[in-house]
Amino acid sequence: MPVHSWRDRLSRPVESSFLAFFRIWFGLIMCVDAVLNLVSGTVEHVWARPSFHFTYPGLGWVEAVPDPWMHAVFLAIAGLGLLVAVGWHYRLSAMLLCLAFVYTFLVERAAFQNHFYLLCLLSAVLAVLPAHRWSLDVRRGAVTEARLAPVWILWLLRLQIGVVYFYGGVAKLDPNWLVSGPVAGWLTQRFCNTWLSSPEVQGIFVDFISWGGLLFDLLVVPGLLWARSRPFAFLLSLAFHLSNAVIFTIGVFPWFMIGATALFFAPDWPERLRSRWRGAAAVPVAADSRARLTGPGLAVLTCYCAVQLLLPLRHFLYQGNASWTEEGHRFAWRMMLREKRVLPPDARLKQGLPEWFPSSHHFVARASAGRLVWPIRPDRYLETWQIDIMLRHPDLIRQFCRKVAAELEKEGIVNVEIYAHVWASLNGRRAQRLVDPATDLGSQPWSLGAASWIAPLNTPP
């Protein structure tokens, strides 16, 4: 099909109240999320208190600002979210909201959550969309209300929400999920000493969640796209997200997805609902040729969509189980797939360790050509929650070892080597070693390739 034909199809105007609704919903969710982080102490716990933050490759220059400025950042996010919702200086507010939220996302890699990543993407998308309808900017005459929007905006937002569902379902085709490995562990902890913890009830409940979650993620988008099944699919989505809000601690994500899933209804549903509430008929509007998609615009849109469709597949480029190695796990919508437990250091786990390695510690430093050996205490550098997450993620273990090596060199200890002794269990498997204890992780650089120092998963489910 010729390019100009695609541009014509994507430029077809549709009623724009869906975009106004999404702007309002997104802004309110961002405001509520920031307020919850402030009042719950999460800002202090995750961003302000730690002296060391895990960073993303190539972005080590993004550092946390000292308190109270980190609290001020979240206050700004709350205020900007509210400004986006009401549409006051919308374009500037949306851009600043995107910058502030992406900044908090980049500061602490150990706090990665899929919905943080989704909100980063949508904040960037929303900052460039013409979502001024039903805004204070229109009320004060700063912009003209656009009653129509090109259909590519609707499908872009649908695609962004759809890939979350679809790739979440593809990831659940993993045998570990199908045998209910991670679900059983979560439910045992969540409903301990209740009637749901009995083996008979829990077995049925676990199978229902495992298979139900898989089928829901794979089928909900086709169900939402077909007009006849759309009401049923939306009610099923509503039940799914409300149950997730009750069972799992995942913040505002279920509530955001409830509103975002409404994008699959006809684009004029908010206007029809508003007109019915006011007792007036919706006023038809004429098409605006200025909304036509340009050639460069089509190229940018195509590239963005290609990245969203291809990036979640990159874990197939690595050998091994991504839930174990974590290679390709992030940014792939691989949600709720693993329960990884780390064993405390124990002398009984000494097999495979070099003779000089004290097995009673997770980390050991060597210097002076091996003549000096001493244990490293992670709590000297990290908060307790950071240690817990770090010990389950090989690349965070590597980054911590490099941090320790750099700190020791600042103290005058040169040519220092850092080794790790970590045993972990994935989804109820028998525990095994996670990283090679004979590899100096303090000198291992980050690489796009597979890490040879991660021990392959060889214990059966």
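Ala, Val, Leu, Ile, Met, Phe, Trp, Tyr, Cys and Pro count as nonpolar, Asp, Glu, Lys and Arg as charged, and the others, Gly among them, as polar. This is a predicted model, in which local features need pLDDT of at least 70, side-chain atom pairs count only at pLDDT 80 or more, and totals for chains, interfaces and linings use all residues. Residues are numbered from 1 along each chain as its sequence is written, and side-chain values use heavy atoms, with hydrogens and water left out.

**Stop 1**

Select Pro57, Arg109, Arg314, Phe331 and Trp446, the closest to the centre of the second largest pocket among the 37 residues that line it. A pocket here is an open set of points on a 1 Å grid over the protein atoms alone, where a 1.4 Å probe fits, with protein on both sides within 12 Å along at least five of seven lines; lining residues have an atom within 4 Å of a point. The space in this pocket is about 720 Å³, a volume being the space filled by probe spheres set on the points. Its lining has 22 nonpolar, 8 polar and 7 charged residues. Helix 5 (90-107), helix 6 (114-126) and helix 18 each give two or more residues to the lining. Helices (H or I, at least four residues) and strands (E, at least two) are DSSP runs, numbered from the N terminus.

**Stop 1**

Helix 6 makes the contact (heavy atoms within 4.5 Å) with Leu118, Leu121, Leu122 and Val125, and helix 8 with Leu156, Leu157, Gln160, Ile161 and Val164. These residues divide into 8 nonpolar, 1 polar and no charged.

**Stop 2: a sheet with a helix on it**

Which order do the strands of the next open sheet follow? The order is 5-4-6, with antiparallel pairing; two strands pair if DSSP finds at least two bridges between them. Strand 5 (372-376) and strand 6 (417-420) are the edges, each pairing on one side only. Strand 4 (residues 363-367) is joined to strand 6 by 4 bridges. Select Ala365 to find its bridge partner in strand 6, Ile418. Then show helix 18 (residues 394-410), which packs on the sheet and touches strand 4, strand 5 and strand 6.

**Stop 3: another sheet**

This open sheet has the order 3-7-8, also with antiparallel pairing. Finish at Ala424, which stands opposite Gln432 in strand 8.

Conventions. Axes fitted to C-alpha atoms, helices over the stretch in contact; angles between N-to-C directions.
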